[in-house]
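I'm opening my notebook on a new structure today. I'll jot down what I look up as I go.

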Amino acid sequence: MKKLRVAILGSGNIGTDLLVKCRRSTSLEPVVVAGRRKESPGLCLAAGLGVDMTWHGVEALLCTPEAYDLVFDCTSAADAKESAPKFKALGKKVIDLTPARVGPMAVPVLNRFDMLRHDNVNMVTCGGQASIPLAWALGKVYGRDLEYVEVVSSIASKSAGPATRANLDEYITTTERGLAEFSGCHKTKAILNLNPAAPCVDMQTTVLARLSADLPPHGNLKALTRLVADIVDDVKEYVPNYELIVPPTMEGGRIVIMVRVRGLGDYLPAYAGNLDIINCAALAMAEEVAMQAAIDRSTK
Amino acid sequence: MSPSITISDPTLRDGNHAIGHQITAEMIRRYCEAVDAAGVPIVEVGHGNGLGASSLQLGESACSDQEMLAAARGALKRSKLGVHIIPGFATIDRDLAPALDAGVDIVRVASHVTEADLCERHIRYVKDHGRTAYGVLMMSHMIGLQGLGGQARKLADYGADAVILMDSAGIYKPIDVAERIGSSQTACPIGFHGHNNLGLAVANSIEAVRCGATIIDGTARGFGAGAGNTPIEILVALLGEEQTGIDLAKLFAAVELADQLFPGGAVRTTPSPLSICMAAAGLFSGFAKPIQRAAQRFGVPEIDIIAELGQRQVVAGQEDLIVEVAAALADRQKDRVP
């Protein structure tokens with residue numbers, strides 16, 4: 001199968017880890033990494049792997065549209081918002097890993113096929129990718145009886161770079177929107193904790209839900225447990241170390257579900273599950289685009 | 001002579017931890033009137049974990065941030081109105097901006113002690129909008145002295161009007177206070193927020209003053225998270241009316257009112273075994289109630305939960321881990337039973 005050519009915009013932790021993942025992919029070929037600083041370790045790695053690289057950032061990509069088919073935007077919310085219309089004008093598909101939310105939100109296990117018709121899809125946030133499948137399950141089982149959904153994520157301080165730290169508010173807002181959209185529940189809240197403990201902690205995400213008071217106390221917990229187990233297995237197909245550590249449990253009048261995400265350790269250490277999950281999800285989305293492109297070509 | 005020590009009173013914020021965040025607008029109004037009359041310079045109001053923290057994770061408050069701030073703002077004539085805010089829980093748009101609109105004077109932007117850079121955006125926002133911003137380092141025991149200095153300097157660089165060290169676990173002894181305040185010197189004033197898990201909140205606060213801190217937190221009868229805070233009435237009695245600018249007789253009246261207002265009373269008694277163990281493990285004082293609840297729910301000893309949380313170096317805001325630890329301990333218990 002002819003591989004889909006991808007450009008990686010942003011040579012920080014996310015972009016560099018994505019580079020390593022793309023090189024393993026059977027359907028994607030990373031053709032260029034674009035960063036902003038000559039000294040960026042990510043650009044050095046790209047060069048070392050024989051992948052074209054440039055420190056002239058997005059401008060370099062905009063000048064060479066013939067070189068790639070799809071862009072992973074790993075910059076920042078503000079930058080992604082600015083570049084989006086430019087890539088659209090060039091007819092390039094963008095998978096946005098920032099909280100910019102220019103295009104619709106993509107959670108591969110739930111909507112990868114629907115996302116194929118959009119030029120720009122947003123990968124929500126790391127906490128969003130971890131929690132939205134669970135929030136969806138809550139919505140499916142409880143419908144209108146799901147009154148409120150909250151997600152709390154803890155990540156290792158070391159895994160939170162300057163962009164994450166400067167974008168906390170955007171992280172919160174985007175995650176909350178994602179929870180609302182996929183669960184059908186309009187009251188949502190997202191919290192992010194950074195923990196400096198050594199050895200570094202893996203990403204841990206807890207989804208808490210409040211149900212309508214009319215429901216019996218343990219109403220439908222069995223159905224929820226089964227659905228959560230299924231969806232966790234489905235997420236595991238593209239996030240191998242996505243693990244359910246506390247199945248749906250009623251505690252203090254709220255439902256509690258907890259997952260832990262360990263990374264693959266491709267570029268960053270394995271504790272950075274938060275970066276890994278959004279990259280795995282972005283990769284899954286890109287591979288779906290690649291598959292569709294291959295189908296389109298073969299049916300021409 | 002103007003007072004040289006600024007007493008900041010978070011009875012209506014830290015105290016919320018003590019009663020599951022159930023402080024009402026009416027309690028706020030009445031307590032504010034009383035401390036305003038006593039001349040307490042700063043009165044802090046809100047959910048135990050600050051603006052936007054009402055949640056299933058930390059506990060839902062009896063009334064909204066807006067309701068609490070409106071009640072306080074209306075009742076405070078001379079005293080300044082303060083709030084606590086943790087980036088990662090609260091956002092500028094949803095929580096901070098409306099608080100400034102509601103007339104908040106002082107915003108205490110807080111982070112875990114190693115993560116001061118999370119406070120930058122919020123501090124700058126407050127300063128850009130003409131209010132006072134304090135940078136607050138929570139769980140300040142969880143870092144070395146050199147690192148602490150670095151974090152304090154960051155806050156000062158962001159434009160903070162003061163740097164506040166919190167002894168959130170109540171683990172400090174006076175020598176620790178001296179070392180830590182000594183290591184946190186910047187161009188701006190330093191403050192100290194004590195907790196009483198080891199019965200040392202007052203001694204620590206006096207030591208803080210001796211080392212140059214000019215902002216000291218104290219609550220009515222020590223009303224607050226876990227074993228409670230530094231009792232404000234003892235602070236003022238020790239430091240004096242002239243140094244604090246507070247009328248002691250009127251303060252006593254406010255403190256007695258607090259005892260009647262809050263369910264269970266405001267007075268914090270000698271630290272319980274739970275509080276002492278939590279301090280020994282260096283845990284956030286706000287974990288006290290969730291630990292008790294989880295111990296009961298899962299049928300495991302509190303002390304085991306505490307040990308595990310301490311081992312994992314859990315920080316404020318990670319209350320969900322209490323459930324995970326308790327559930328795991330319960331599972332292990334089940335496996336051991338023949």
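**Entry 1: a helix**

First, a reminder to myself that this is a predicted model. I started with helix α2 of chain A, which runs over residues 41–48. Which of its residues are buried? I found A:Gly42, A:Leu43 and A:Ala46. Looking down the axis of α2(A), I saw these buried residues fall within an arc of 100°, so they line one face of the helix.

Next I asked what covers the buried residues of α2(A). The cover includes α1 (13–24), β2 (28–34) and β3 (52–54), which belong to chain A. I also checked what comes after the helix: α2(A) is followed by A:Gly50, and the phi of that glycine is positive, near 80°.

**Entry 2: the largest pocket**

I looked up the volume of the largest pocket and got about 1100 Å³. Its lining is made of 44 residues. Which of them lie nearest the centre? Those are A:Gly12, A:Cys74, A:Thr75, A:Ser76 and A:Ala163.

Several helices of chain A each give at least two residues to this lining, among them α1, α2 and α3 (57–63). So my helix from the first entry turns up here again, because α2 is one of these contributors under the DSSP numbering of helices. The largest share comes from α4(A), with 5 residues. Sorting the lining by type, I noted 19 nonpolar, 19 polar and 6 charged residues.

**Entry 3: the second largest pocket**

This one has a volume of about 610 Å³. I counted 34 lining residues, and B:His17, B:Ala18, B:Ala288, B:Lys289 and B:Pro290 lie nearest the centre. In chain B, the elements giving two or more residues to the lining are α1 (11–18), α12 (273–280) and α13 (288–298). Of these, α13(B) has the largest share, 5 residues. By type, I wrote down 9 nonpolar, 17 polar and 8 charged residues.

**Entry 4: where the chains meet**

How many residues of chain B are in contact with chain A? I got 35, touching 37 residues of chain A. The area buried between the two chains is about 2900 Å², and carbon and sulfur atoms give 49% of that. On the chain B side, B:Leu56, B:Gly88 and B:Arg121 lose the most area to chain A, together 21% of what that side buries.

How values were computed:
Residues are numbered from 1 along each chain as its sequence is written. Chains are lettered from A and ligands numbered from 1 in the order in which they are written. This is a predicted model: local features need pLDDT of at least 70, side-chain atom pairs count only at pLDDT 80 or more; totals for chains, interfaces and linings use all residues. Side-chain values use heavy atoms; hydrogens and water are left out. Buried means under 20% relative accessible area, exposed over 50%, partly exposed in between (1.4 Å probe, protein chains only). Helices (H or I, at least four residues) and strands (E, at least two) are DSSP runs, numbered from the N terminus. The arc is that of the directions from the helix axis to the C-beta atoms. Contact means heavy atoms within 4.5 Å. On a 1 Å grid over the protein atoms alone, a cavity is a set of points where a 1.4 Å probe fits but cannot get out, and a pocket is an open set with protein on both sides within 12 Å along at least five of seven lines; lining residues have an atom within 4 Å of a point. Grid points are joined across faces, edges and corners, and a volume is the space filled by probe spheres set on the points. Ala, Val, Leu, Ile, Met, Phe, Trp, Tyr, Cys and Pro count as nonpolar, Asp, Glu, Lys and Arg as charged, and the others, Gly among them, as polar. Buried area is the accessible area (1.4 Å probe) that two parts lose on being put together, summed over both.
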